[in-house]
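Let's take a walk through a protein together. Keep the sequence and the 3D view side by side as you read.

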Amino acid sequence: MSTDIRIGIVTVSDRASAGIYADEGGPAIRDYLDKVLASLWHPVIRVIPDDRKIIADTLVELADREGCCLIVTTGGTGPAPRDVTPEATEDVVEKPMPGFGELMRQVSLTKVPTAILSRQTAGIRGKALIVNLPGRPRAIAECLDAVMPAIPYCIDLIEGPYLETDPAVLVAFRPATKPKT
Ligand SMILES: Nc1ncnc2c1ncn2[C@@H]1O[C@H](COP(=O)(O)OP(=O)(O)OP(=O)(O)O)[C@@H](O)[C@H]1O
Ligand SMILES: Nc1nc2c(c(=O)[nH]1)N[C@H]1C(S)=C(S)[C@@H](COP(=O)(O)O)O[C@H]1N2
């Protein structure tokens, strides 16, 4: 088991990637993970435009070459013509994990009626879990609070590193398992 925990943080935004506005989404994901994770981890950060091939190539690079066990994207999940983050995610995952999107939309609906406009999804590529979040920076904690308790065990199951959370902030759920004989 690797002890080097690398987590990809991918902002998908035409304007943030062009420097028209400062990226707030990537830093919000990093701050969130800094608060929640007790394990030492290293961010691998990318800020890219809403381009299906660039997004797919970036996800492949972070999963296959950078060795990220978790890749969190923000932006590009809505219905607008250039919103293609879910399609790019589906292009590269081997196993879709639709429960993540379902739960995040359900929880987000208690915060904002437009939650159903996000097509955010998730999936597994090799030993990486990829999770999409909406672009609005405030959506990041709203969505991660919902799915984060299940993420460390998901990464256990795909044979990634053991992620420990700070139990005072968030308790990760790991079901009791029988030892293999
Ligand atoms: N990375 C970001 N940093 C700061 N604000 C953001 C970011 N991404 C999105 N937002 C804000 O949330 C709004 C909705 O996000 P959305 O992903 O739909 O962006 P967009 O309108 O498609 O434009 P762009 O791709 O250029 O960010 C944006 O208009 C912007 O105000
Ligand atoms: N938790 C949460 N989910 C949210 C939102 C939000 O503010 N908070 N914004 C919604 C809106 S307005 C849109 S258009 C969709 C898609 O956003 P995206 O294209 O920026 O990914 O996410 C939705 N989901």
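How many residues surround ligand 2, and which are the closest? The shell holds 19 residues, and the closest are Thr77, Gly78, Ser108, Ser118 and Gly135; a residue counts here if its C-beta atom, placed from the backbone, lies within 6 Å of the molecule. Please keep in mind that this is a predicted model, in which local features need pLDDT of at least 70, side-chain atom pairs count only at pLDDT 80 or more, and totals for chains, interfaces and linings use all residues. Residues are numbered from 1 along each chain as its sequence is written, while chains are lettered from A and ligands numbered from 1 in the order in which they are written.

What is this shell made of? Six of its residues are nonpolar, eight polar and five charged. In this count, Ala, Val, Leu, Ile, Met, Phe, Trp, Tyr, Cys and Pro are nonpolar, Asp, Glu, Lys and Arg are charged, and the others, Gly among them, are polar. Helix α6 (residues 139-147) gives the largest share, three residues. Helices (H or I, at least four residues) and strands (E, at least two) are DSSP runs, numbered from the N terminus.

Now turn to strand β1 (5-12). Seven of its eight residues are buried, meaning that 20 or more other C-beta atoms lie within 10 Å of a residue's own; with 12 or fewer a residue is exposed, and in between it is partly exposed, with C-beta atoms placed from the backbone. β1 pairs in the parallel sense with β2 (residues 41-48) over eight bridges, and Gly8 stands opposite Val44 there. β1 also pairs with β3, again in the parallel sense, over five bridges, with Ile7 and Leu70 as bridge partners. Pairing requires at least two bridges found by DSSP.

Leu70 brings us to the largest nonpolar core, where Leu70 and Ile71 touch the most other members of the 41 residues. Such a core is a set of buried Ala, Val, Leu, Ile, Met, Phe, Trp, Tyr and Cys residues joined through C-beta atoms within 7 Å.

Next comes helix α4 (residues 85-92), whose buried residues are Thr85, Pro86, Ala88, Thr89 and Val92. They lie on the same side of α4 because they cover an arc of only 160° around the axis, taken from the directions from the helix axis to the C-beta atoms.

Finally, is Ile54 buried or partly exposed? Ile54 is partly exposed, because 16 other C-beta atoms lie within 10 Å.

Technical notes. Contact = placed C-beta atoms within 7 Å.
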